[in-house]
Structure formats: structure tokens, C-alpha cells
Amino acid sequence: MKQRTLWSVVLATGLAVTGCGSAAPTQSSPGEPRSKIVVWDWKSGEPGVTSYIEKAKADFATKHPDVTVEFVAQPFDQYYTLLGAATQSGKGPDVMLFNGGGQIRDRVDGLLPLDQYVAEDKQRLAGWDAFSKDGTIYAAPVTLQGHPIYYNKSLYQKAGLDPANPPKTWDEFVSDCAAINKAAGAKCFALGNKEGFGIQFFMSGLGPGILTPKEYDDWIAGKRDWTSPHVKEIFSLWKKVNDDGLNNDGANSTALFNDAFALFNTGKSATVIGLMSDVGHWKDFGEFLGADQVGVMTAPVVTSGATSVLPYDGGIGYGVAKSTKDPELAADLVRSLTSTGALTAFYTGAGAITSDTTIDVSQGAPAVAAIVPQIKDGKPALHVALSSTTLDLMGRLSQQLLSGSVSVDEAVRQLAASDKVS
Amino acid sequence: MVRSAAAERTTGARFERPGRHGGTGGIPRGARAERLAPFVLVAPAVLIIVALRLWPLLLGVNFSFTGDGERNGTSVGFDNYAQLLDDPLFRTALRNVGLLVVLLPVAVAIPGLLATFIYLRVPGHRLFRGVYFFPAVLSPVIVGAIFNLMLGFDGPLNAALGAIGLGPIDWLGDPGVAMFTVIGVHVWATFGMALVVFLAGFSTLDAALLDAARMDGASLPRIIWHVIIPGLSRTIQFVFVTTMIGMLTSMFGLLYVMTSGGPEGSTYLPEFYVWIQQGRMNRPALASAASTVLFLIMLVVGILQVSVLRRAGRED
């Protein structure tokens, strides 16, 4: 009995003492130069990017023949969990792949500012904003990720519409959808919102047609006016589209990747807000519908005064850990991974629209030829400006909006509060 | 061999006694070794538990009192816990734990009832015994993927419902339904194990009692209530405990594959919350706080279960 009391006292004191809080382990500082660089990503295992990795490795080997580069492909689903755990315990990689936007901005504490190393590439590559925080660059963009609105040209034809001349305004868009539904029985949008990603695509894809240019720029610059009627319009339109039956049924239980895209691929929906790179993009759709049948339209204008621009950001990019032993070497690898030769291989191999604006795509599919010229005037996507906490909340609220368990006003109020904190 | 060991033990005890009563007098060497021996012998086990279990646990609890992001490493007191209580997602997760506890009797009754039918030799009972156990060998990921297809809004189940004139149900997209769907699938996937335990229990049941009840003309519900349940009380308690543990610790895979916590965050469980905060939100300290709360819940549940099992043992 006495022993037991003693033990509980020991345990309790231990808890109390350690409970006062102590520092998380911090990274150790440089030692001898290492001859091996470890890269983490979720891409290098995919067949389409093999030639890209090889090109980048070859480029790096010409500059540093004595350094070995090890690519570790992690499963994307757990990538940030694994990365977080590895960094926390000081066993993180030297160079790592990031999604642009919130995912990298939340983690800049452990990243090396790259401005001085990538100065030469700044003109050649696009999409830096998604990898910068407060004017400092933390990763170099590899692909561009954006949200073109793809449409099925053959469905437009079937409904007696001109597939080469997609709708310009929201009213035209809705009436075209009605015609297609009548002629082919297809829904207007293919929407997958099981993970809450659907709203992100919707906001960024249609946002340019809803917000005025000034509101748009302010939003990106961090001055987000959640009380603006146009911001509210994004969410009321999201609800209205669903209430009016323009979406496929059961959007809240349809996975965006890839059930929603499958609906578009099989002609069950006429339009989908897709991606530019990775998956759910022109190349995937072209394989099912035929490259000539995939059209790209700009956001139909909802608010007068809004101008449709291509919403895009840096998609994925490589950053360097602060803890790396030889920052210059690691930054050099990042430069090799974003060299024109490597990125050309990425474009031809995986169909990604890369950050390198000097690559010639005029021989590509019609959809690519339609997207790439818009890059010059494009703007960052609306949802990328939000923190991952706010995006998570927005995902849940968007599901509630569809099921009717929250009002648009309440949703916008909660989002405003979350956006203010983060 | 045995005898000599026993003899040694006796000698040891004899040596010890004068030592204890000797007061300030020198303790014989053999006695000291004898006294230290048990500590030395348990030391490896204790060290392993302390180094690999208790110490990390303390580190985790300690970490939960520090901040995330800009406040990384600084002490923030109970901020993380306050934030947890404030977070509707975490409250949903706790409520879902409550729901699991409430649905526990159902999860135990299903294998119990099916095992009864098998025991009572319904036609085809041999086939059912194999069929029922089959899902228990499938991994949650496979089960989840199968049911994702089955329960899709345009999936076969809704098509079948439509054929008999019932409206489609959004099994995984309706926040009022999704948690029940996932629990249902979990029960389907795991009841085979409980069924086997029940069948083992039945083999200890006195068949004479059943025969006597039948002779007296008792109906099936009465046989179950008055003969089978009392006869199997210890088995039932055991299944209760193991099913509870299974529900609290192994739903993650299914949740991950089937709903990812959605729709509207309605299918969160604490472990899923921990994973999201650590991985997607990059908030390891908050995740540690949530883990600590989960640990405390499991501690309470575990102590209750141990006491139930102990009482069951005493009845024996």
C-alpha cells in the first residue's frame, strides 16, 4: 500500500515538473559537408515523372559529380504527417517537395530562405507567390496548379450549341446547361465534395467571375472583406447550384479524386472545375473523351465588372530544410530540379503544366494551347490564400451548406472569424 | 533439480530471518543478494516499460503544454486543452466515442444471436460459421473500399432500394447517417471474432439444461433469456470488453478510407483528430493534448473493464 502511494507521488511529481513545458528539440547546426542529399517527395515513384527525375539528377551530377542524391517517395496521403514527425525529431530530409500555399506557409519555420540562390530563375519560372511568405521565397516552383473550367465539347454539340464558343456569362452558362441536360441527360457540374475540396475548386474556378478585380487583388493581398456581398455570393451560388440540381447527386459523398472526375470522363456531367497538373487535368480527360473534345472556358461572369482570369499558383515546388548541412549544395539541387531540361521532361512525361514559361507547348493538345497563353494574365487562386485551418473549416461548412444545416450568413461569419485568427 | 531449488529457497528464508531481526548487526551477504535478486530480475522489464512506454508518455504530456508554430517550444499552460474544449470538431469526436459506448450492446448482441443460431443448428449452420468469420480476415482498408463502392450514392445498395421503391440514402454523405454507417461496417467486419469466442463459450454450456428447457416446452426467446444468457455471462462480459477495445482503437482505417472524418466533420474520432492536427494542420502540440485526453479516456475505460473482468473471475 505504502509502495503504491509512493509510486503515485513520484508519477504525479514527474507530471507536474515536466508539465511546466520545455522546448521541442531543435535542429543541430552544420558539421562536416555531407556527400549525400536526401529528397522527400510523393512524385518520384510515379511512372510519368521518371524521366524528369533522371534529367534533374543528370543536371545536378554535372555540377557535383561526387554527391549522391537519394529520392524518397512517400505516400501523398501521409506526406505531411511523416514530414512533420521527421522534422520534429530532427531526422527530416535536406530537400523536400511542397504544395504551394498553406502547406508550405505553415512550415516556413524549418525552411531555408532561397532568394539568394534562385535569383537567376525568377524570370524564367512562374508561380513564386505560392512558395513565398512575407516576401521571402522558400521553394522553387516545379509545376503550376490552377483551376481551369473544362467542358465536354461533344455534349455541347449534342445540345446544338457551338462547342468552340463556350458561354461567357453565368446566365448563358446556366441556360446552356439546361439545354445539355435536356438533350443528353447530363448534369451541369461534376462535383466531389467528400473531402471538402469541391468548394476550394468552386471558389477558385468561378471566383474570378464573381469578385471585382479590386476585391480579387485585395483578397490575395490578405485584405479579405468577408462582409462584401460578392464574397457572400460565392457561397450562396455554391448552394444555389446544388439546390437547382446542377450538380451530380450525392456530392457530399462523392470523392473529388477521382469519382467526380470520372463523372466528367464518362459524359455524365458537362463541366468540371479541374486542375492544370498532376491529375484531373486536360491529359486525363483527353484520354477518355479524346483530346479534341476537351474544352477550356474562362469563368462565366456573374457580377458585372468582374474579369475572368485563369486562377493559378505554383503547384508543387522544392524547398530546402534549414537544418541541411550544406545549404548551397541543396539549393543547387533545387535549381537542377527546376531546370528547363528537367521541366520539359515533366511536361511531356506527366502532362503537367510546368512553371517554366519558356517551354513550347504549341504542339500539345488544344486544351493546353488554350490554358498556357492565359498564364501571363493569370492571378493566384482565391482558396490558396487561406490558411489550412480555414480551408478545413470551409470544407466542412461547404458540406453543411449543401445539406442545408447552416445558412450562408453563418458560414461566412465563421470563415471570417477563422481567417482573422490565422 | 526441483528439490534442490526448493531446498535453496528454504535455506535462503532461514538466512534471511536472523538478518531481519538482527537490527544493527551485519546482514549476511547471501541475504543481501537474495533481497536484491528480485529487483535485478525484474529490472530489464521495468526499464523497458519505463524507457519505451512511460518516458515517451511523459514527454508527450509535457509537449502538450507547449505551443505550436510561432510559440513552438514555449510553455503555454493549459491553452491547448482550452482550445480542444472549444473546438466543435473535438467535441464531436468525444460525442462519437459516447455513441460507440451506447451502441456497444448492439455490437455484442449481433454475434451473440448469430452464434446462438449456429449452436442451435439452423439449416446450413456449417456454411454460416465460415461465412461469418470471413470478413474478420480482411483489412479495414479493403473493407472500406468495398463498402465505398456498395454505399455510393449511385451504388448498388441505393439501386436496390430504388428498385423496391425506397428513396436513395446518402449513406456516407449525410451527417446524421454516416457515423452509423461506419459503425455498421465496422461491426460487419469484426463480429466474426466475437462469434468464435461465443461459439467457444457455447461448448461449455450444459446441454442437459437446454434439453430440460425444451422438454418443458420453453420458447426460443425464453431459452435464450433464461438458459443461454446466464450460462454465458462470463463469455458475454469478455466479448463486451474486447469489442469495446476494438471499437475505440481500430476504427481509424475505416474512417480514413470511408469518410475522412466527414461529412461536416460528423465521423471524427479522437485518434482521427490527433492525426489531422499533427499531419494536416501541423499542430503537433495540440495533437499531443488531444492524445493525452484520449489516453485518459482509455485509462478510465480500461480500469472499468479490468474491474468487470475481475468481478467475472470472482464469480467463477
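These exercises, each with a worked solution, explore a predicted model.

**Exercise 1. Describe the overall build of chain A: how many helices and strands does it have, and what is its radius of gyration?**

Step 1. Start with the elements. Chain A has 17 helices and 13 strands.

Step 2. Turn to the radius of gyration. For chain A it is 24 Å, close to the 22 Å that the globule rule gives for 422 residues, so chain A is as compact as a globular protein of that length.

Step 3. Along the principal axes, the C-alpha atoms of chain A fill a box of roughly 80 × 65 × 40 Å.

Step 4. Of the 422 residues in chain A, 53% are buried. Take the contacts in chain A with a separation of 6 or more: 78% of them are between residues 24 or more positions apart.

**Exercise 2. Find the largest nonpolar core. Where does it lie?**

Step 1. In soluble globular proteins, nonpolar side chains tend to be buried together.

Step 2. Identify the core. The largest one has 129 residues. Those with the most contacts inside it are A:Y52, A:V95, A:Y150, A:F235, A:W282 and A:Y318.

Step 3. Note a second, separate core. It has 64 residues, including B:M179, B:V187, B:L205 and B:V274.

**Exercise 3. Locate the disulfide. Which cysteines does it join, and are they buried or exposed?**

Step 1. Count. There is one disulfide over all chains.

Step 2. Name the pair. A:C177 is joined to A:C188, with an S to S distance of 1.9 Å.

Step 3. Find the elements. A:C177 is in helix 7 (residues 170–184) of chain A, and A:C188 is in strand 9 (residues 187–189) of chain A. The two cysteines are 11 residues apart.

Step 4. Judge the hand. The torsion about the S-S bond is about 45°, so the disulfide is right-handed.

Step 5. Check burial, for which the limit is under 20% relative accessible area. A:C177 has 3%, so this cysteine is buried. A:C188 has 4%, so this one is buried too.

**Exercise 4. Work out the setting of strand 10 of chain A. Which strands pair with it, and in which sense?**

Step 1. Take strand 8 (residues 149–152) of chain A. This strand pairs with strand 10 in the antiparallel sense, over three bridges. A:Y151 stands opposite A:T271 of strand 10.

Step 2. Take strand 9 of chain A. Two bridges join it to strand 10, and the two run parallel. Here A:K187 has A:S269, in strand 10, as its bridge partner.

Step 3. Five of the five residues of strand 10 (residues 269–273) are buried, so the strand is largely enclosed by the rest of the structure.

**Exercise 5. Examine helix 11 of chain A. What covers its buried residues?**

Step 1. List the buried residues. In helix 11 (residues 256–265) they include A:L256, A:A260, A:F261, A:L263, A:F264 and A:N265.

Step 2. Find the cover. It includes strand 8, helix 8 (198–206), strand 10 and helix 12 (282–289) of chain A.

Step 3. Helix 11 is followed by A:G267, whose phi is positive, near 75°.

Technical notes. Residues are numbered from 1 along each chain as its sequence is written. Chains are lettered from A and ligands numbered from 1 in the order in which they are written. This is a predicted model: local features need pLDDT of at least 70, side-chain atom pairs count only at pLDDT 80 or more; totals for chains, interfaces and linings use all residues. Side-chain values use heavy atoms; hydrogens and water are left out. A nonpolar core is a set of buried Ala, Val, Leu, Ile, Met, Phe, Trp, Tyr and Cys residues joined through side-chain atoms within 4.5 Å. Buried means under 20% relative accessible area, exposed over 50%, partly exposed in between (1.4 Å probe, protein chains only). A disulfide is a pair of cysteine sulfur atoms within 2.5 Å. Helices (H or I, at least four residues) and strands (E, at least two) are DSSP runs, numbered from the N terminus. Two strands pair if DSSP finds at least two bridges between them. The radius of gyration is taken over C-alpha atoms; the globule rule is 2.2 Å times the number of residues to the power 0.38. Contact means heavy atoms within 4.5 Å.
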